[in-house]
Amino acid sequence: MPLTPDQLAEIEEQRSTPQPTLRAVSPGMEQHLYKAVPVLDHGFVRVIDYMGDDAAICQAARVSYGKGTKSVQNDEGLIRYLMRHWHSTPFEMCEIKLHVKLPVFVARQWIRHRTANVNEYSARYSILDREFYIPAPEHVNAQSVVNNQGRGGVLEGAEAARVLEILKADSNRCYDNYEKMISQEGQDGLARELARMNLPANVYTQWYWKVDLHNLFHFLRLRADAHAQYEIRVYAEAICAMVADWVPAAYGAFEDYRLGGATLSGRALDCMRRMLKGEEVTQETSGMSKGEWREFMEVLG
């Protein structure tokens, strides 16, 4: 179950008692507040709170006290300028706080982004639920032969079934032993902070994650990318949908310049200029390594 009955009751209570406010609000984000978006088999993402909107970004960039005579079109142009020229500070004026339920191995990738405030469910204090991420058959892949940290083709038939059975059996066996170790029936019971070491990395945890928009965009640029691991990418994609409604002008610029754009090296730019002049450029004459050349070709499509 993505949300517990207590969490659902809390959400319904919060949604049923809206409060008046004088602060700036984003109508798009208001529709996301407290709603849990399912991710993977047991996970979710939901917005707890947010601060700022597109206007707040422009206000900070202009260091003013209001919109003045600036039009929406001018605001969008300013935001695109800021994004295009990598001006980060105005985007830091917006913040978002998310409640995320995710597998531990995804959390360990996620926490590498050390620019947020995080408070995680404590397995020293509480007992983790018997909930594990088991991939769908279409996401059980072999190791990539060209990328040491990536996936290759999908495993099929008996091989896929064997892997999935191992994942399920090991997960439940580890949790059975976890329960046995912490049980106080006829024994003292092992401390929870020690017993948790026996749980697999696909067990689910939860946290509150608060981050400003500039650093959120950096997270999304990496994790919503097609090359990111599927299990974290689906969380990033769910967040992208929320951000697009929260700050549509900023997200549009981010989508154009970051998600849909590309950064080229000086050598790559030189190769493009030579190609535009009609010269035939190969990996051998480009000055690039094979890996650089392959990535350059992917950018060119």
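Contact here means heavy atoms within 4.5 Å. With that in hand, welcome to this protein, a predicted model in which local features need pLDDT of at least 70, side-chain atom pairs count only at pLDDT 80 or more, and totals for chains, interfaces and linings use all residues. Residues are numbered from 1 along each chain as its sequence is written, and side-chain values use heavy atoms, with hydrogens and water left out. The protein has 13 helices and 7 strands; helices (H or I, at least four residues) and strands (E, at least two) are DSSP runs, numbered from the N terminus.

**The whole protein**

- Along the principal axes, the C-alpha atoms fill a box of roughly 80 × 60 × 30 Å.
- Of the 301 residues, 36% are buried, where buried means under 20% relative accessible area, exposed over 50%, and partly exposed in between (1.4 Å probe, protein chains only).
- Among contacts with a separation of 6 or more, 69% join residues 24 or more positions apart.
- The accessible surface comes to about 17700 Å², and 52% of it belongs to carbon and sulfur atoms; these areas come from the Shrake-Rupley method with a 1.4 Å probe, and for residues only the protein chains shown count as cover.
- There are 34 positive and 40 negative side chains, and the centres of the two sets lie 5 Å apart.
- In that count Lys and Arg are positive and Asp and Glu negative, while His and the chain ends are not counted; the place of a charge is NZ of Lys, CZ of Arg, CG of Asp or CD of Glu.

**The largest pocket**

- A pocket is found on a 1 Å grid over the protein atoms alone, as an open set of points where a 1.4 Å probe fits, with protein on both sides within 12 Å along at least five of seven lines; lining residues have an atom within 4 Å of a point.
- About 1500 Å³ of space lies in the largest pocket, with grid points joined across faces, edges and corners and the volume taken as the space filled by probe spheres set on the points.
- Its lining has 36 residues, and those nearest the centre are Asp 225, His 227, Ala 228, Glu 295 and Glu 298.
- Two or more lining residues come from each of helix 8 (213-223), helix 9 (230-246), helix 10 (248-259) and helix 13 (290-300).
- Helix 13 gives the largest share of this lining, with 6 residues.

- Ala 236 sits in helix 9, and it counts as buried because its relative accessibility is 0%.
- Leaving out residues up to four places away in sequence, Ala 236 touches Phe 219, Leu 220, Arg 223 and Ala 224.
- Between Ala 236 and Phe 219, which are 17 residues apart along the chain, the C-alpha separation is 8.0 Å.
- Ser 144 belongs to the loop between strand 5 (141-143) and strand 6 (151-154), and it counts as buried because its relative accessibility is 10%.
- Beyond its neighbours within four places in sequence, Ser 144 is in contact with Gly 150, Arg 151 and Gly 152.

**Partly exposed residues in helices**

- Leu 8 is part of helix 1 (residues 5-16), and its 41% relative accessibility is why it counts as partly exposed.
- Arg 162 lies in helix 6 (residues 157-182), and its 45% relative accessibility is why it counts as partly exposed.
- Arg 162 and Glu 30 are 132 residues apart along the chain, and their C-alpha atoms are separated by 45 Å.

**Positive phi angles in loops**

- Tyr 34 is not a glycine, yet it has a positive phi of about 70°; this residue lies in the loop between helix 2 (27-30) and strand 1 (36-39).
- Leu 40, also not a glycine, has a positive phi of about 55°.
- The loop between strand 1 and strand 2 (43-51) holds Leu 40, which counts as partly exposed because its relative accessibility is 24%.
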